[in-house]
Amino acid sequence: MIRKIIRSNEFLVLIIIIFLSVVVGSINPNFFTIASLFDLIRASNVYIILAFALLPVVILGGVDISFVAISAVASYSTHMFLIGRGYEGGLFLYFVMGCTIGVLAGMLNGFIITTFKLEIFDVSLATQTMWYGFTLFFVGATSNFDMPEGLVGYYSAFIARVTDEVTGVTGLHISIIYVIVIGILLWLFLRYTMIGRGIYAIGGNREVAERTGFNIKKITIIVFMIMGFLSGFAGIVQSALSRNFNPTLFIGQNLDVLASVIIGGAAIKGGRGTVIGTILGVILTQIIRRALVLTQIPAEWQNFVIGLILIIFTSVPAIREKRQEKFGRTTDLVEVAIEE
């Protein structure tokens, strides 16, 4: 058991996080403050939820880039509709409407993919452009900073507060609860339900999964409904935290989220990925970005470093699989020779 944990991708990511934290903390001691930790968690929360949205799609064996556009259309459309009718309540109605829009948008992706048997990436490329265009043309083209009374102060809704000489008053934001609850539910879903097992089976070998009896069309549509739901949820949380609703929310950040999911151990070809690994992947990418700032390294290096780490984390599992296949073939030859 311990040997299996040590050999896991998640353990490797954790070791890198610890090592990087020690290096950055030795250069800039402010990295080790409670305030810095709370800011790191707050910056990671929304991206972890987005990564949760993408994780089942990647396990299924596809790459979707439209989830950021679904976040934008769900959050911005909800806000403009409610604010235009004088709504002064809290987040609950935002979540209901935003997640509903997200589910419908995700279901559209799943329907197109399964009906016309198209590649996930191709469809998501089209729907990403479509949803951003729809939002800008039909809903609005400018950020809206009008906040209902129920959302005022949400950005500072802390579970615990600390005062720091550098950052001032900060705290552990309530959005960490969303991450914990969603993470537990997603873990239970992927591990203990037939649909969750079907997602891994389809990603591992689609033909075998189909012969086994898994309903590929049903599972695919459910995966995209989950993706849409969590994308809409993340869009609402991010907009409330930043105190503005933006029609181009998260534009250009879909590949950063995908990188975090892959770094966390998900296989780009499908069949592999975990909730814990996804969380660690997001935290690692956030630490890298903060580390470069705290160590006064130019921001232009951020994407280079993340890309380099992504190459490592996609290459190592591939090399490991090839070695296992080679070892398996060698073992088979030995067994045949013994039998003869």
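Reader: Which element supplies the largest share of the lining of the second largest pocket?

Author: Helix 10 does, with three residues. The model is predicted, so local features require pLDDT of at least 70 and side-chain atom pairs pLDDT 80 or more, whereas totals for chains, interfaces and linings use all residues. Residues are numbered from 1 along each chain as its sequence is written, and side-chain values rest on heavy atoms, without hydrogens and water.

Reader: What makes a residue part of that lining?

Author: A lining residue has an atom within 4 Å of a pocket point; on a 1 Å grid over the protein atoms alone, a pocket is an open set of points where a 1.4 Å probe fits, with protein on both sides within 12 Å along at least five of seven lines. The second largest pocket has 17 lining residues, and I113, L118, R206, I216 and T220 lie nearest its centre. Two or more residues come from each of helix 5, helix 6 (120-139), helix 9 (206-212) and helix 10. A helix here is a DSSP run of H or I with at least four residues, numbered from the N terminus.

Reader: Why is T278 called buried?

Author: Buried means under 20% relative accessible area, exposed over 50%, and partly exposed in between (1.4 Å probe, protein chains only). T278 has 1% and is therefore buried. T278 belongs to helix 12 (residues 275-294). Leaving aside residues up to four places away in sequence, T278 touches A51, F52, L55, S260, V261 and G264, where contact means heavy atoms within 4.5 Å.

Reader: Why is I268 called partly exposed?

Author: The relative accessibility of I268 is 44%, so I268 counts as partly exposed. I268 lies in the loop between helix 11 and helix 12, and its C-alpha atom is separated by 7.7 Å from that of I59, 209 residues apart along the chain. Beyond four places in sequence, I268 touches V58, G61, V63, L258 and I262.

Reader: What makes helix 11 mostly covered?

Author: Eight of its ten residues are buried, among them N254, V257 and L258. Just after helix 11, G265 has a positive phi of about 115°.

Reader: How many aromatic pairs does the structure hold, and what makes the pair of Y47 and F250 edge-to-face?

Author: There are eleven. Rings of Phe, Tyr and Trp (its six-membered ring) pair if their centres lie within 6.5 Å, and planes under 30 degrees apart are stacked, over 60 edge-to-face, the rest tilted. Y47 and F250 stand 6.0 Å apart centre to centre with 70° between the planes, which makes them edge-to-face. This pair joins helix 3 (residues 34-60) to the loop between helix 10 (216-242) and helix 11 (254-263), 203 residues apart. Both Y47 and F250 are buried. F95 and Y178 are also edge-to-face, at 5.9 Å and 85°.

Reader: What makes R243 lie over the face of Y155?

Author: A charge sits over a ring if NZ of Lys or CZ of Arg is within 6 Å of the ring centre and within 35 degrees of the ring normal. R243 is at 3.6 Å from the ring centre of Y155 and lies over its face.
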